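I open these entries to record what I looked up in the structure shown below.

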Amino acid sequence: MHRIVIFASGSGTNAENIIRHFQNSTLARVNWVLCNNKDAGVLNRAASLGVPTRVFSKKELFSRDFIDFVGNEADLVVLAGFLLKIPEELTRSFPKTMINIHPGLLPKYGGKGMYGMNVHRAVVSNEEKESGITIHYVNENYDEGAIIFQKKVALDANDTADDVAEKIHLLEQENFPLVIEKLLRSRDEG
């Protein structure tokens, strides 16, 4: 049974979706949700589904004790709306074991400050014909890890940033748990 640890900072809709997907799975389960925001909605979502949570500070994120904790609890680390940059020591501790979902088609619209509505506003501002999601490995740089999966969605000329956000959210909900499952199954196969 693979152990998934989710890092999240916000409302937690992707985290909840992943937790629900693996609730009755024989492949994996989410055994922790770790959060850097004590007021984040993800904490309530996880608790209501029986998944333990831990709130940590930015300083803790850089500590050896925290890295060891994650290492002892996770076979796969999933960033689901986690906004802090992951320290290099942490990414080195989990090569090809830490993944992130980005609300755009990397390498476009990636990097520091490019998350959530910031991405969607930029996509609309540049009159893009499509957007999508990218699931990628995490390395020491924002949004530069190897791409695992991308899914595109067509945009209409009159789409607002909110419209794009809604389309992207649907892609995230449909694909993120399935990509995690496929990744874990491929590890089992060798």
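I began with the helix H1, whose buried residues are covered by elements that include strand S1 (2-8), strand S2 (28-35), helix H2 (41-48), strand S4 (76-79), strand S5 (98-102) and helix H7 (161-189). Helices (H or I, at least four residues) and strands (E, at least two) are DSSP runs, numbered from the N terminus. Buried means under 20% relative accessible area, exposed over 50%, and partly exposed in between (1.4 Å probe, protein chains only).

I noted that this is a predicted model, in which local features need pLDDT of at least 70 and side-chain atom pairs count only at pLDDT 80 or more, while totals for chains, interfaces and linings use all residues. Residues are numbered from 1 along each chain as its sequence is written, and side-chain values use heavy atoms, with hydrogens and water left out.

I counted H1 (residues 13-22) as mostly covered, with 7 of its 10 residues buried; among them are Ile18, Ile19 and Phe22.

I then turned to the sheet. It is open, has 7 strands with mixed pairing, and runs in the order S3-S2-S1-S4-S5-S6-S7. Strand S3 (53-55) and strand S7 (147-154) stand at the edges with a single partner strand each, so one side of each lacks a neighbour in the sheet. Two strands pair if DSSP finds at least two bridges between them.

I looked at strand S6 (residues 130-137), which pairs with S7 in the antiparallel sense over 7 bridges. Thr134 stands opposite Gln150 in S7.

Lastly, I located Lys112 in the loop between S5 and helix H6 (116-125). Lys112 is exposed, with a relative accessible area of 71%.

Definitions and conventions:
Contact means heavy atoms within 4.5 Å.
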